[in-house]
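I am opening a notebook on a structure that is new to me. My entries follow what I looked up, topic by topic.

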Amino acid sequence: MRVPLSWLVEYLDLSSRFPYEEGTMTFSDTFVDEMTEALNELGMVVEGVERVHASLDNVVVAEVLEIQEIDGADHIRKILVASDEPNPLSVVCGAYNFEVGDKVPFAKVGAVLPGGLAISLRKMKGAISNGMLCSPKEVGLAEDTDGLMILPSNFIVGMPFGEAAGIYDDVVYDLAIEANRPDANCIIGVARDVAPKLGARFSAPVGPKEFASFIGEDYLGLERSAIVDSELAQRATLAVLTGPFNLKDSSKIHRRLRLAGMRPVSEVVDASNYAMLEYGFPSHPYDYDKIPGGGIRVRGAKDGEELRTLDGSIRRLRSIQESQQGDIVIADLDDSPIGLGGVMGGQSTEVTNATSRVLIELVAFNRSTIARTSKRLSLRSEASMRFERGVDPGATVAVLHRICDLMGTSPSAFYDFGDTDPQMKTVVVRVQRVQEILGVKELDAKIIASLLAPIGFEVAGDEDVLKIKVPTFRPDCESEIDIIEEIARHFGYKNIQGEAAKSPYVGRLTREQKETRQLRLLLRDLGFHEAITSTLYNKEDHVSVGVSDVALEVSNPLNQEEIALRMTMLPGHLKALSYNLARRLDQVDLFELGSVVSGGNSLGYDGLPNERVRAAILVSDSKNGAERASKVLRVLLEFFSVDISAVRHLGSPQQLSSKYGKFPLLHRGRRSGIFDRDGQLLGVVGELSPKMAKAVAEPLSKYRYGWLEFDIDAMMELSLRQRKAQELSSYTSTDLDLSFELPELTPASELIRVITETVGDIVRSAQVFDVFRSDKLPQGMKSIAIRLRLERLDRSLNEEDVRDVIEKAGSSVSAMLQGTLRDHR
């Protein structure tokens, strides 16, 4: 929240501590720094301090004395003005919204306006212009302009414009207000909280606390207004204001709104927004003559009901009875919705320049309902944010009075209904409990009362037990611990000695957490760059990599085209690859550890979407992407202590789905799968399909790209089942090289699995050392050579053992893989 310091000090009596010039609002660095420290100590963290310069030197109040036409000029006129100079000055001006006797801002020669425009002496159509008459935009008070800014008639000619309009150099604090501090979402709330910390007195705004409803004959419809369901709103205050509408101090109000981050719109809306920033209670103006029946009803929406809001969008509403995500509407007396309660008004009753009567609506809505509506419709505003956190139901009349005061008017009709006298809640606080929680024994009942009373709490009770009445502007203080937090804030956290928590339970990483961190370090050491890709894809991304299942979609995406939760990480890495290739970086090696979500109706054990954590690795190689990906996989299998037999040939696309989710479709002849003990696919390894490579890499790169993606938890579980210490043999081992002729689509991993399972424990390790393809081999066949390390635990190997291995290996490969033993040595 942006807080202009000149606005804040209006509610602080600082004369005893911080002298500042009342007329010019000049704040010293010491003053600014001490205010910053006080705000930080109270938990209203200062995220930024901005000194704002008015840039209005050499801009004065001038009076129009004479208006003359210029020969040959159709769009400009010569104006004589009285200013602070002894003689009238001539100014050339193109505006037509003023007349003789009007007072306007006059930028003299040498002035530099807020937009950076430097004013110099000019000659146009033979007429000398000794400066410029200014519009609100040119003096920094508006974004749009319809002519000159006409000043109040009581402004003194020749007076500096900034001084006359109350526009000075200022300081703006950017505060981070937490959700549990609804009272601090306004200027008055910040002032009330910071006053005792600075040793100052909070100057509460003067206004009526309550007054009786009055309704004339022209406004009898107001009496029929009602809150249909008291669960939806606690109190409503309505008033009709009759035009013309003018702000009493528009220059100051517009500047403060802009400094606070809001754009001036119109007199009524600006007064409403100004009061909201001051009190923290949003109000909404309606064109009274556009409300059928002349009254409103606060009710729950009907399921399927539609409302066109001020932004032009048609909102389909939900019934609270039908859904916990229901909405609140403001309806007219014909029961048609004219506003979305606490969020946005309806277009049918929008206030325009032609509006002559305005209905001001202040309703203390149910905050949780407003929060759900705002989130569901992605309609978060200054008003909805304040309603979500909680507003003061006792402030409606004061806010209405402030709106009327800003416009110098009084209500033509007023009606207050609902809980018009909200009571303060009483919370019992034990003094001993305060001392125990904060560890400060000197916090007795008297000190506690002195800390709470200045910020609006009423304290009664004895030395041991206090009965605290919580003000209605503090809906966050509901229990004893909430009050203790307020005591701690104003006592000062720096005055509370910290003590290290002692517990027999020492936190530590789980085995899975350790291995995940070690995996990340390993991949970095292997030369891969860690990537963080988007978890949201468009609908075509999954299809492009062969994943055809329907993805889960988010209901409130930041980008309407990216709504699908990812089921595989490959599309994100293909986009990263494309980005790098466009910048002539074709040797791309990336990895990512992240989550994927199964599509369709796949749910986890807790009924939520099945979310899994995977490792994904993209490799580049000038000759064979699949081979390099396989080499990386072998390193990772060793890291996880997983046997190579877990890697097997991946045939039809139907195999790409398992309880671990969906996996992408890689190159038909260059892909393998990683399977768990139950035969469930937990990962894939291989090369990008020709279609993917052509779409992403060609003709930008001659490299071939491999892909490896696996479920980390499943891989760890597999390793835990297999991880056991191998007994060492005291006898010499023997290496045996075997060469097999196999069908082209048979992966080496399948060959190793068949041999190791057939031969038994005598095989201590198996490794491929050659793959051979030649025209001399039968068509569709290849040769794979593997090296087996043989070893026995009970005796040395003999020739019979070796012959037995050769015989078993040859027969099993022939029977199970349709292969032939070519050679051995």
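**Cysteines.** I count a disulfide as a pair of cysteine sulfur atoms within 2.5 Å. This is a predicted model, where local features need pLDDT of at least 70 and side-chain atom pairs count only at pLDDT 80 or more, while totals for chains, interfaces and linings use all residues. Residues are numbered from 1 along each chain as its sequence is written, and side-chain values use heavy atoms, with hydrogens and water left out.

I searched the whole structure and found zero disulfides. I then looked at Cys93. Its closest cysteine sulfur is in Cys134, 9.4 Å away, which is too far for a bond. I also checked burial (buried is under 20% relative accessible area, exposed over 50%, partly exposed in between, with a 1.4 Å probe and protein chains only). Cys93 has 6% relative accessibility and counts as buried. Cys134 is buried as well, at 0%.

**A sheet.** Next I looked up strands. Helices (H or I, at least four residues) and strands (E, at least two) are DSSP runs, numbered from the N terminus. Two strands pair if DSSP finds at least two bridges between them. I found an open sheet of four strands, in the order E15-E22-E14-E23, with antiparallel pairing. Strand E15 (284-287) and strand E23 (413-418) are its edges, each pairing on one side only. I followed E15 to strand E22 (residues 357-365): four bridges join this antiparallel pair. Pro285 has Ile360 in E22 as its bridge partner.

**Ile150.** Which loop holds Ile150? I placed Ile150 between strand E10 (131-133) and helix H3 (161-165). Ile150 is partly exposed, with a relative accessible area of 38%. Lys103 lies 47 residues from Ile150 along the chain, yet their C-alpha atoms are 5.9 Å apart. I listed contacts (heavy atoms within 4.5 Å). Leaving aside neighbours within four places in sequence, Ile150 contacts Asn97, Phe98, Asp102, Lys103 and Val104.

**Cores.** Last, I looked for nonpolar cores (sets of buried Ala, Val, Leu, Ile, Met, Phe, Trp, Tyr and Cys residues joined through side-chain atoms within 4.5 Å). The largest has 95 residues, and Leu5 and Met35 touch the most other members. Helix H9 (residues 396-407) gives the most to this core, with eight residues. A second, separate core has 30 residues, including Val547 and Phe663. I went back to Met35. Not counting residues up to four places away in sequence, Met35 touches Leu5, Leu8, Leu12, Tyr173, Val194 and Leu198.
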